[in-house]
Each structure stands twice: as C-alpha cells, then as structure tokens.
Amino acid sequence: MSATRTDWRVLATGQGTAAYGPQRIVCLTEEPTEWLYLLGEERRIVGISGYTVRPPRAREEKPKVSAFLSAKIDKIVELQPDCVIGFSDLQADIASQLVKKGIQVTIFNQRSVAEIFSMMYQLAAMVGQAARGLALIQGMQQRLLAIEATAATLPRRPRVFFEEWYDPHISAIAWVSELIGIAGGDDCFPELAAQPMGKDRIIADGGEIVRRNPDIILGSWCGRKFKPDHVRARTGWENVNAVKNSQLFEIKSSEILQPGPAALTDGVEQIHRLVMQWSQTHA
C-alpha cells in the first residue's frame with residue numbers, strides 16, 4: 001500500500017496547500033522530474049525513469065525504477081509512493097499493475113504545446129506550487145511569443161523534416177511540429193503531426209520525403225544518436241536541399257521528445273537557431 005498521507009488534523013491548521021498534494025512521487029518519465037526540480041519540489045521525488053538526464057543531478061539523487069514501457073513494480077511498491085506520474089497510453093500496463101497494488105497513478109497524455117502547459121500547471125497545483133508554476137509557464141510562453149515574432153519577419157520559411165525514427169521513417173509528433181512552426185519553419189508532414197501514435201506517423205515511402213524536398217532535416221532518433229551520413233547515403237536523397245546544403249542536424253531526444261519544459265525551452269531554441277542560420281544564407 002502507498003504511504004499514509006499527512007493527518008487531516010495537520011491539514012486543518014491551515015499551514016498552506018503543499019501538504020495536500022502527494023509527498024512521495026515516482027516519475028515514470030523525465031518531464032515531471034524536470035518540472036518538479038524547477039518548482040523546487042524535488043524532495044517529493046522518490047523514484048525516476050532510467051532515461052532521465054534532466055536535471056543531471058536527478059540521476060545521482062534518485063533511484064531509477066522504470067524504463068518507458070516497463071517498470072520495477074516491486075521496487076516502486078517498496079518506495080511507498082502516494083502518487084506515480086506517467087505519460088500516455090503506452091504506460092497503461094504499468095499504471096494498471098500499480099493501481100492493483102493500491103497506488104494512486106496519474107497518467108497525463110499531453111501531445112500539443114497547450115497540453116504540455118496544462119500538464120505543467122496541473123502538476124504544479126498538485127504540489128502546492130500553482131503560483132510559482134504559473135510564473136514559470138508565463139515566462140516560457142513569453143519567450144515562445146518572442147521567437148514567433150522574430151520568425152514572422154523571415155522572408156522565406158524553410159521546409160523542415162523532423163525524423164523521430166529512421167526505419168521506418170517516423171515524422172514529428174504534434175508538439176514538435178508546433179515548435180517547428182513557432183521557430184520559423186514549416187513541417188513537411190503537418191497532416192501526420194495530429195496522429196498521437198508513432199505507428200500512424202510512419203512514412204512508408206521515403207520517396208515522398210524526397211518529393212517534399214526539405215530544406216532542413218532534424219533527427220531525433222528516440223535516444224539513438226542521429227547519423228547525418230546515414231541520411232546522405234539514402235538512395236535518391238542526393239538532390240534533397242537539406243542534403244545538398246548539409247543542413248542535417250541532431251536534436252537530442254531528451255531536449256525535444258520529452259513533452260515538458262525541455263522541449264519548450266532548449267528544444268525550440270535549437271530549432272530557431274538553425275532556422276535563423278539557414279535564413280541568413282538561403283533566404
């Protein structure tokens with residue numbers, strides 16, 4: 001069973017809202033961990049995903065209890081969490097096992113920029129940091145608006161192909177596609193971005209990517225290192241603008257494929273910088 005919450009008599013003293021929220025949290029993905037650290041609430045975290053790299057000290061301070069599609073259920077139970085936070089239907093099996101153990105589980109399913117902000121606000125409120133969370137969120141939003149305003153002045157926007165996986169080709173999920181647009185580019189496959197599942201964003205015919213002729217190719221191969229030479233060697237890709245002009249770049253998965261603070265800060269900043277550099281020589 002999960003740890004007993006603070007006695008209601010303590011809550012009745014009116015010492016603030018922080019005690020109402022979960023005191024022992026396990027994060028099955030990286031973004032809630034990073035966000036709780038930014039909120040100054042890292043003391044609540046008792047377990048994290050093994051893929052966590054943001055912030056770096058989380059790996060040193062917190063036990064690693066899960067991958068993405070699997071988790072050490074017994075270890076999580078031993079930690080006596082009063083809330084486990086996960087992401088998407090892909091973690092439904094983990095959530096089900098924990099619920100059957102009597103543990104509260106909150107699964108967010110944020111897929112767009114707006115939904116990421118909503119998740120962040122909800123989590124901030126859960127730990128009694130709604131005001132601080134909102135202030136941080138508004139700061140991020142103001143920066144996104146500033147990036148978008150700068151991008152609006154570009155004489156020409158580059159076509160951007162974001163490759164989440166290479167075999168088969170999988171294109172950008174919604175929040176990545178949106179951030180490309182904010183940063184000043186145009187996603188080559190906007191019609192696929194609305195599909196939440198990777199299998200529905202597969203581009204079976206690589207020739208279609210060639211036909212759409214991206215000016216920039218961004219690779220983020222789900223934790224595997226992106227290899228520009230792999231792209232250059234693809235049959236028929238030699239005349240793609242991005243290949244001809246050596247506009248092949250990696251954005252680390254931890255900085256763009258985590259639907260949380262990283263994508264809204266470091267991720268979009270990298271895309272914007274690459275778009276602006278491209279614009280200086282190709283406008």
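Author: Contact here means heavy atoms within 4.5 Å. This is a predicted model, in which local features need pLDDT of at least 70, side-chain atom pairs count only at pLDDT 80 or more, and totals for chains, interfaces and linings use all residues. Residues are numbered from 1 along each chain as its sequence is written, and side-chain values use heavy atoms, with hydrogens and water left out.

Reader: What share of the contacts with a separation of 6 or more comes from residues 24 or more positions apart?

Author: Residues 24 or more positions apart supply 61% of those contacts in the protein.

Reader: And how much of the protein is buried?

Author: Of its 283 residues, 50% count as buried, where buried means under 20% relative accessible area with a 1.4 Å probe and protein chains only.

Reader: Which residues have the most contacts inside the largest nonpolar core?

Author: They are Trp175, Val176, Leu179 and Ile256, in a core of 48 residues; a nonpolar core is a set of buried Ala, Val, Leu, Ile, Met, Phe, Trp, Tyr and Cys residues joined through side-chain atoms within 4.5 Å.

Reader: What does Val176 touch?

Author: Leaving aside residues up to four places away in sequence, Val176 touches Phe162, Ile256 and Leu257.

Reader: Switching topic, how far does the C-alpha trace span along its principal axes?

Author: The C-alpha trace of the protein spans about 70 × 35 × 30 Å along those axes.
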